[in-house]
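Reader: Please show me the model. I have some questions about how it is built.

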Amino acid sequence: STAPARVVINLDLPGPTISRHLYGHFAEHLGRCVYGGFWVGEDSPLPHTNGIRTDVVEALKALRIPNLRWPGGCFADDYHWRDGIGPREQRPRTVNSHWGDVVEDNAFGTHEFMTLCELLGADPYVSGNVGSGTVREMSEWIEYLTRGDDSPMATLRRANGRDEPWKVPFWGLGNEAWGCGGNLRGDAFADLARQYATYVRDHGGNRVYRIAAGANADDYHWTESLMKALGQVEKSSNPVFQALSFHYYTMSGDWQDKGDATSFSDDEYYRTIAQAYRVEEMLTRHSTVMDRRDPHKRIGLVLDEWGTWWNVEEGTNPGFLYQQNTMRDALVASLHFDAFHRHADRLVMANIAQTVNVLQAMILTDPATGALVLTPTYHVFEMNTGHHDAASLEAHVIDDRRFEDVPLLSASASTTGESALISLSNLDAGQARPVVLDLRGQDVSGYGARILTSGSLHDHNDPSRPNTVRPRPHEGVSRHEKGLIVDLPAHSYVTVSLEL
Ligand code: AHR
């Protein structure tokens, strides 16, 4: 049927704040994310600031990236930070055994990462090595980064050209400790997380938020192990680590054959959407496990790797995880954000994997010409910046349309008091849909809308057609007795902004 769906929103009932950190990013030493993506080196003919690509940084500024996780991923548990400081020509060469088994020349290290964060205006989220590093190594790294006096590590930093300590608000304790980060069992890792966290000290005025490496997708036992290690968390407790993470990737197939990024059937499309919806169940169930020992929600949940994972593009290195990005990826992102907004009380941070040239990237660069394109996923991040640090609003979707049991309309909303932003995803591959926004509790003095869609779900951007999928103003919105009525074309993402 084409009868309008309804989304009911009480504009005057603000809920928990949607942290801007739910829009966080991730840059690993993997394929062409760091090398060739962010970092081109000081001798590059491409415009750069101290070796960091200017066009990439400029494009990302529109996303207001709140935090950047680095150096991995699996790479983090193989990374020894002292290899990446000092004169570049003297840095040792090491092996990136996880990603293509390539030689890592360590040109991009601690100072380069901190410069990148400064250029982006992003908070650094450093992932420390638990898998193959030592407690001392981790302890010295945070001292090197954040200590102001003449301690040994602060002195070493100064010798390498940086006088002032940096601020490092977020620290990861290992990564995927159940897999590439050491193949540990939950309880064993939970003890290590306690131990390492102890030595990640607050130096000077720097306050670190310590995030223990968490579960693989729906492994609730892992979350239970970490929570058990913290004991009962009271309002006044001072937990040894402050958050735990989990990772969840969306694909249409299985790990052996994940599906193609640009060529897929409707059936594979809906399977992808069904997989993306699963994140909501995981957010709910990890939170429920945490609630038992932490009813006051003192411990944060962090989804520090999420996004689509497809088979690599033909002709590219299988270890580099380079994939195209279509309108389908954009809808996977919008669905995740809707779920994140609903879980803003427990979810404190999320990081898409990864920012440039790897997995569900914002930016793809051409290795031959250097040309840069913005992906459909980039545009969803940009269209959602109005949700950063706004108060969530419940958006009740009243719609019976399904593909099998996959709901075909997703929505979420937030308010600042003076303005509100409503996100609407029509997940129907082939059918347009009118939606009535039933707006209650506050008068709407003005409105505007933007739309991201394209003729085909398979459409994507490349250097020859960089603007195939891009946002445009949306004219299909008008007043309705209940509030507004919005036309949603097939497979479209629309944001409606309200002046209150
Ligand atoms: O993001 C790519 C990889 O996926 C990360 O290195 C790892 O943590 C995960 O398995």
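Reader: What is the strand order of the open sheet of eight strands?

Author: This is a predicted model, where local features need pLDDT of at least 70, side-chain atom pairs count only at pLDDT 80 or more, and totals for chains, interfaces and linings use all residues. Residues are numbered from 1 along each chain as its sequence is written. Strands are DSSP runs (E, at least two residues), numbered from the N terminus, and two of them pair if DSSP finds at least two bridges between them. Pairing is parallel, and the order is S2-S5-S8-S9-S10-S11-S12-S13.

Reader: Which strands stand at the edges?

Author: An edge strand here has a single partner strand, so one side is left without a neighbour in the sheet. The two are S2 (25–26) and S13 (347–352).

Reader: What is the bridge partner of Trp70 in S8?

Author: S5 (residues 67–70) pairs with S8 (residues 123–128) in the parallel sense, over four bridges. Trp70's partner in S8 is Val126.

Reader: How do the residues of the shell around the ligand divide: nonpolar, polar, charged?

Author: Around the ligand (C-beta atom, placed from the backbone, within 6 Å) are residues including Glu28, Cys74, Asn175 and Leu359. Ala, Val, Leu, Ile, Met, Phe, Trp, Tyr, Cys and Pro count as nonpolar, Asp, Glu, Lys and Arg as charged, and the others, Gly among them, as polar. The shell has three nonpolar, four polar and three charged.

Reader: Which residues does Ile422 touch, not counting those up to four places away in sequence?

Author: Contact requires C-beta atoms, placed from the backbone, within 7 Å. With those up to four places away in sequence left out, Ile422 touches Ile9, Ala395, Ala411, Ala413, Leu437, Thr495 and Val496.

Methods: Contact = placed C-beta atoms within 7 Å.
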